[in-house]
Amino acid sequence: MNSTDPMPQPDDTDTPDTTQIDALVGDWLSVPAVAELLGTAVTSVRSALSDRRIIGMKRGERRIFSVPACFLVPKHLSNPANVKPVAVQEGAQEQIIILPALQGTIIMLSDSALTDTEIIEWLFSEEAMLGQTPVAALLAGRKSAVRRAAQAVA
């Protein structure tokens, strides 16, 4: 699979077991579900996949292309180091966005010749240099530490 192809074509001979990655990631979202949460069109999500702002993989029996749910965060958590109280009007929901620190990490790991599946596995596996998973470190605002750990992957 070409790592820049956000929606790979089905290949009957390529049906890897995703059980291990599913256990690491937990919650997944289909492309239409991502679009709904972001309040945008499916074509915009496909563009984000193409731009490498997020990645996903085909999984499950039906081989549905899915994105890890924790790649999407409430807007006030886009920069965890600068968390401000959020004033959301009654009955309204806070805007959900793609975690901004994710794109550079994805690109760095892609440049090290990792596939999207390998990148997802690395992001959700405990990393000794970080003392936690890289995705948890990104969500905590430790982007520089994650990028240093990603450099060691090459």
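**Entry 1: Arg-52**

I started with Arg-52, which sits in the loop between α3 (42–50) and β2. This is a predicted model, so I am reading computed values throughout. Is Arg-52 buried or exposed? Its relative accessible area is 7%, and buried means under 20%, so Arg-52 counts as buried. Then I looked up its backbone: phi of Arg-52 is near 70 degrees, a positive value in a residue other than glycine. I made a note of that because most residues other than glycine have a negative phi.

**Entry 2: Ala-113**

Next I went to Ala-113, in the loop between α4 (102–111) and α5. Ala-113 is not a glycine, yet its phi is positive, about 70 degrees. What is the relative accessible area of Ala-113? I found 64%, and the cut-off for exposed is over 50%, so Ala-113 is exposed.

**Entry 3: helix α5**

Now the strands. In what order do the three strands of the open sheet come? The order is β1-β3-β2, and the pairing is antiparallel. The edge strands are β1 (28–30) and β2 (57–59), each of which pairs on one side only. From one strand to the next, the twist averages 55 degrees. A reminder to myself: strands of a sheet pair through backbone hydrogen bonds, either parallel or antiparallel.

I then checked one pair in detail. Strand β3 (residues 64–68) and β1 run antiparallel and are joined by three bridges. Here I found Ser-30 opposite Ser-66 in β3.

**Entry 4: Gly-26**

Last stop: Gly-26, in the loop between α1 (19–25) and β1. Gly-26 has 41% relative accessibility, so I put it down as partly exposed. How many residues apart in sequence are Gly-26 and Phe-124? They are 98 residues apart along the chain, but their C-alpha atoms are 9.5 Å apart in space.

Methods: Residues are numbered from 1 along each chain as its sequence is written. This is a predicted model: local features need pLDDT of at least 70, side-chain atom pairs count only at pLDDT 80 or more; totals for chains, interfaces and linings use all residues. Side-chain values use heavy atoms; hydrogens and water are left out. Two strands pair if DSSP finds at least two bridges between them. Helices (H or I, at least four residues) and strands (E, at least two) are DSSP runs, numbered from the N terminus. Axes are lines fitted to C-alpha atoms, for helices over the stretch in contact, and angles run from 0 to 180 degrees between N-to-C directions. Buried means under 20% relative accessible area, exposed over 50%, partly exposed in between (1.4 Å probe, protein chains only).
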